[in-house]
Amino acid sequence: MPSNYNPAEIEPKWQKKWADDRLYHVFEDSTKPKWYALTMFPYTSGDLHIGHWYAMAPSDVHARFKRMQGYNVLHPMGFDAFGLPAENAALKHGIHPHEWTMRNVENMRRQLKTIGAVYDWDREVITCLPDYYKWTQWFFVKLFQAGLAYRSQAPVNWCSNCNVVLANEQVVNGGCWRCDTPVIRRDLKQWFLKITHYADELMEHEGLDWPEKIKTMQKNWVGRSEGAEIHFGIERSDIDEKGVKAFTTRPDTVFGITYVVMAPEHPLVEKLTTKEKAEEVKAYVERTRKRTEIERVSTEKEKDGVFIGAYLTNHVNGEKVPVWIADYVLLSYGTGMVMGVPAHDDRDFAFARKYGIPVRVVIAPPDWEGEDLEEAFTQDGVMVNSGHFNGLPSEKGRKEVTRYLENKGWGRFAVSYKLRDWLISRQRYWGAPIPIIHCDNCGTLPVPEHELPVLLPSDAEFKATGESPLKYNEEFINTTCHKCKSPAKRETDTMDTFMCSSWYFLRYTSPGFDDGPFDPDRMKYWMPVDLYTGGAEHAVMHLFYSRFFTKALRDMGLVDFDEPFLKLFNQGTIIVDRQKMSKSRGNVINPDTLLSSMGADVVRAYLMFVAPWEQGGEWNDSGISGINRWLNRIWNLINNQYKPAENLNNDALKTFERQLHQTISKVTHDINDIRFNTMLSTLMEFTNYLGRVKESGSVPFQNWQEAIKKLLLMLAPSAPHMTEELWQQLGYEYSVHTQKWPEWDENKAKEEEITLVVQVNGKLRGKINLPVNVSKDEALKSAMEAERIKPFIEGKKVVDMIYVPGRVINLVVK
């Protein structure tokens, strides 16, 4: 036997054997409980770094564990293959995006196979291939037919560097999420999905085992607010008064309105602006377009605005209030207009002070006697200067005022959301084409289902400007209307890549199915996903969109469940030199290099041991060397013959069995609860214990052999290659990965003794070993008779005793 584990020889051998034997081939089996364990699939960037392994290797360990517990486990892998980087690579290197992407897929698939995971590669999905995006387009058609997809002129986030529209979720700190270029606003006709239709449902996470942080982020992203919609009077016959409205959560302050503010892009601004103010207003609107939404609503930015020369009427008191525009008001939130109540809103107070707008108190602070306010009073209080509502508590006033407005026809109870509809249009080539045609006679029509997929043209010519080549590809654009047979034009926008990842978990259930996006029966067997693992950064993008998609499909009768992912676990991040890995910093760790020297099993085990998986940790070369030494100790422990001593005693065997069954218990609970670092620590302690037993030979050979067998079973999910090799060397039935997870006996795992800490007047004076079921009186007697304790109590009287069973006894003496 070799003296050390040789991963370069052993790991490829078993990977080939498993593949040839289709050991990890998955099929539906009604005799077993199913377990769908999914890790977020990688983008086809070209190379896996150790951060990818940190997401994938531990999740594979858990999936292997569930297999050994008797579950029918689906743990698939694929590639998120559409997107801007591929198109940028085409521009930079003169390579077609498809060629660039598929090269990367081939390399990343090779790297993924070296992990030694239980992936069934027959279930691989690649989102840029027609057999996948055909069904992405099919889903779009279904959403369009259900009224959940629509086209609208709207201000959009525009990255001038990528020449692409970004969803709100893709604007990070005012910049493009991919290249950090400052994002500006442009008006374009865009395709949207009506995610707001599910706003209330998306706030709920009942029955989901998800991190509270993610649930809170999603609730805040929806941003549900209850309040009132207030209408303002206008002396213009060409404008409907009910269209001049503001949403507020504080209708109790309506008598304190001294101005209103519209979003600069509000459609009424141009109509209401007076000639004298036209140039000033136009200049302000143009400046606003160059600012991102993040910049516009930032609390750190001083608020500014422009009076447009117009007035509206506040119905409750008949006052004329000036109309301003300010960039902190967004057309996409609420009604695009807010009422200014400077006495009771911090932002309004600062704005009013800056521009000399009156401040009227309508909610009295405690002990207020009519004096001017030094700052806004934003809390609840008693209504004043509010007509017949004077004296009402403001909380009650909110309901009473809204009811009054509703009765008068001046407003209504309303709910507002921060959530906007999902903008999916992308003006780029490398994405799923939106399956729509535009016909002068018939209007906007979805492509018939039998004509899907709408294929991307392979002869696309990429321009240095970054514009989509689809706009200039006549063969792609020109088509025939299937309804009236007249010439028509194809939509040239492609879909946001998050469309592809919003349903990929469904395709894994039956990837070769040709009659639909999934086989309904096979999908029902596997869905929903039992455990979904990935980064927390996807909280308000991928995770949010996938939940919307599932709910929309449910309402179409395509699925019969409400949520796609029952349990969510977010892993942390591996950092190097206290920084996140990136090519620009030169601190990316390539797992290929580590595999050649230490092997996949060492890397897998180290990534689980370095820190709690949800926290992440610092990569440390000496740390992985320690794991390498530990696995080699196990290799040698098993390969070197065990010789039992001639004189064996029953106490040693009892201790041995207790250690074994305690280890099985703790490892089982830790791996089940995704505490991989403590699971490995327990196995390390047990390995050390076995080393001491081997030196002494204190247990019979058959007991030793049984412990080694169970050690291999417990280690198999973490180090699949080494354990498979050792399993075969010991002559056991192939394969270790088809064996059952070991069970423990609670009676054998129980401690026979406890260690009791003895204190005298609160100070530690010693420890004593006692039977587990020792009584309070017996514990007191033993403590007082212990030789180490006697010097501290001799000649003194025990006046009290504090006893914590199984832990501590404190003698109070005088």
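The charged end of Lys 66 sits over the ring of Trp 35, at 4.4 Å from the ring centre, and in this predicted model a second contact of this kind places the charged end of Arg 64 over the ring of Trp 18, 5.6 Å from its centre.

- Because Phe 82 belongs to the loop between β2 (72-74) and α3 (84-93) while Tyr 133 belongs to helix α5 (residues 130-145), the pair ties together parts that are 51 residues apart in sequence.
- Phe 82 counts as buried, with a relative accessibility of 1%, and Tyr 133 likewise counts as buried, at 3% relative accessibility.

**The pair Tyr 119 and Trp 121**

- Between the rings of Tyr 119 and Trp 121 the centres are 5.8 Å apart and the planes stand at 85°, which is over the 60 degrees required, so the pair is edge-to-face.
- Tyr 119 is buried, its relative accessible area being 4%, whereas Trp 121, at 23% relative accessibility, counts as partly exposed.

**An aromatic cluster**

- One aromatic cluster is formed by Tyr 259, Phe 307, Tyr 311, Trp 324, Tyr 328, Phe 351 and Tyr 355.

Definitions and conventions: Residues numbered from 1 in each chain as written. Predicted model: local features only at pLDDT ≥ 70, side-chain atom pairs only at ≥ 80, totals over all residues. Heavy atoms only, no water. Helix = DSSP H or I, 4+ residues; strand = E, 2+ residues; numbered from the N terminus. Buried < 20%, exposed > 50% of the residue type's maximum accessible area, 1.4 Å probe, protein only. Phe/Tyr/Trp six-rings, centres within 6.5 Å; stacked < 30°, edge-to-face > 60°. Lys NZ or Arg CZ within 6 Å of the ring centre and 35° of its normal.
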